[in-house]
Amino acid sequence: MDLRLSEEQAQVRDLARDFVAKEVLPHVREWDRAEAVDRGIVRKLGEVGFLGLTVPEAYGGSEGDHLAYCLVTEELGRGDSSVRGIVSVSLGLVAKTIAAAGDEEQKAHWLPRLTSGEAVGCFGLTEPDTGSDAGNLSTRAERVGGDWEITGAKTFITNGTWADVIVLFARTGGPGPKGVTAFLVPADSPGLERREIHGKLGLRGQATAELAFDRVRVPDSARLGEEGQGFRIAMSALHKGRMSVAAGCVGIARGALEESLRYAGERQQFGRPIAGFQLVQEMLTEMAVETDAARLLTWRVADLIDRGEPFATEASMAKLYASEAAVKAANLSIQVFGGYGYLDEYPVGKFLRDARVMTLYEGTSQIQKLLIGRALTGVNAFA
């Protein structure tokens, strides 16, 4: 669907589609089985400019608008959501956050490395006992002279074992969101231990990790933004991150639809292709309609961001709808494939495994409903 794409946006989409065809799709099954994406993909993503989208050229970025970013994220989601996650986190949650909240020295030091693929970033928010309630973090940062000393743990951290820098959120004050501060923590800091999480249902090629901080010391110059502004910085990043997740989900749903259409046209039963069966067409139709609806909801968010208008509620709507639509599309795709959909020789099983986590991270579907409900009614159901 090329609704109002500019020539530049269409070129970016085509570049991403070609990149996925050459650099991702030939390796997807191998990476999934090995539970490891080839780290060399990071440099390749940087070389084509995908790690610098929307970041100013002055800091090594490739600029572009947020719709172009969505187009790239959709294509990567169509190819391998583990690769999409590298971009969504290292660029979407880390580089963009540094560009928005960092001082000149922080931006000059980290952004050229992140946008080129020389360095990778991760987003240290989720804790073993704190997921949806991000305002009640237990990881602490305490002043020691002119430095900060950090102790605590983070989990389910995408890019965690690959990262060179961590955008870390820690408690520096009293309870609640106002006591949280953000820091840029080099991943080679003494006292930091990282352990990769294996055995995941989906996103198996992605480097997902647990991080343990034992009196990790950083200078005050590593503080990102003002003291006590960490929760606001985290939520700002996650609002845009939900758009990225939604675009990746559109890619999963589209992939499931395309594979189902191909298979339904080839698979013969009772002397004719199953594409001619009414109930198969019903499933294909549902997938097509919901994929397009999810894409348009996602593009609306990109348009609002690029026009400088509020977008948080629309981002929650897009993330909620697209993630649930991706799960449904992948599930229907397995139904179209029948028993063959249960084998990893075919891609649709992986689509379902990867889609399932999309309803959980960067705010569960239930959290999105409460955020949307609060915006609609003015009543806070979190209290």
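**Reading a predicted fold, feature by feature**

Colleague: Where is the place of Glu127?

Modeller: Glu127 sits in the loop between β1 (121-124) and β2 (140-144). Strands here are DSSP runs of E, at least two residues, and helices are runs of H or I, at least four, numbered from the N terminus.

Colleague: Is Glu127 buried or exposed?

Modeller: Buried means under 20% relative accessible area, exposed over 50%, and partly exposed in between (1.4 Å probe, protein chains only). Glu127 has a relative accessible area of 3%, so it is buried. In the protein chain, buried residues make up 54% of the 383 residues.

Colleague: Which strand does Val180 lie in?

Modeller: Val180 belongs to strand β5, residues 180-186. Val180 has 2% relative accessibility and therefore counts as buried. Beyond the neighbours within four places in sequence, the contacts of Val180 include Gly135, Leu137, Phe169 and Phe231. For a distance to trace by eye, the C-alpha atoms of Val180 and Gly349 are separated by 40 Å, and these residues are 169 apart along the chain.

Colleague: Which residues does the annotation "domain: Acyl-CoA oxidase/dehydrogenase middle" cover?

Modeller: UniProt, in an unreviewed entry, gives that feature residues 122-216. Such annotations may be inferred rather than shown by experiment; positions follow the numbering used here, and feature names are shortened. Residues 122-216 are 0% helix and 51% strand, with the end C-alpha atoms 17 Å apart. The unreviewed entry also places "domain: Acyl-CoA dehydrogenase/oxidase N-terminal" at residues 6-118. Residues 6-118 are 72% helix and 0% strand, and their end C-alpha atoms are 30 Å apart.

Colleague: How many helices and strands has the protein chain?

Modeller: The protein chain has 11 helices and 10 strands. Along its principal axes, the C-alpha trace of the protein chain spans about 80 × 50 × 40 Å.

Colleague: What share of the contacts with a separation of 6 or more joins residues 24 or more positions apart?

Modeller: In the protein chain, residues 24 or more positions apart account for 73% of those contacts.

Methods
Residues numbered from 1 in each chain as written. Predicted model: local features only at pLDDT ≥ 70, side-chain atom pairs only at ≥ 80, totals over all residues. Heavy atoms only, no water. Contact = heavy atoms within 4.5 Å.
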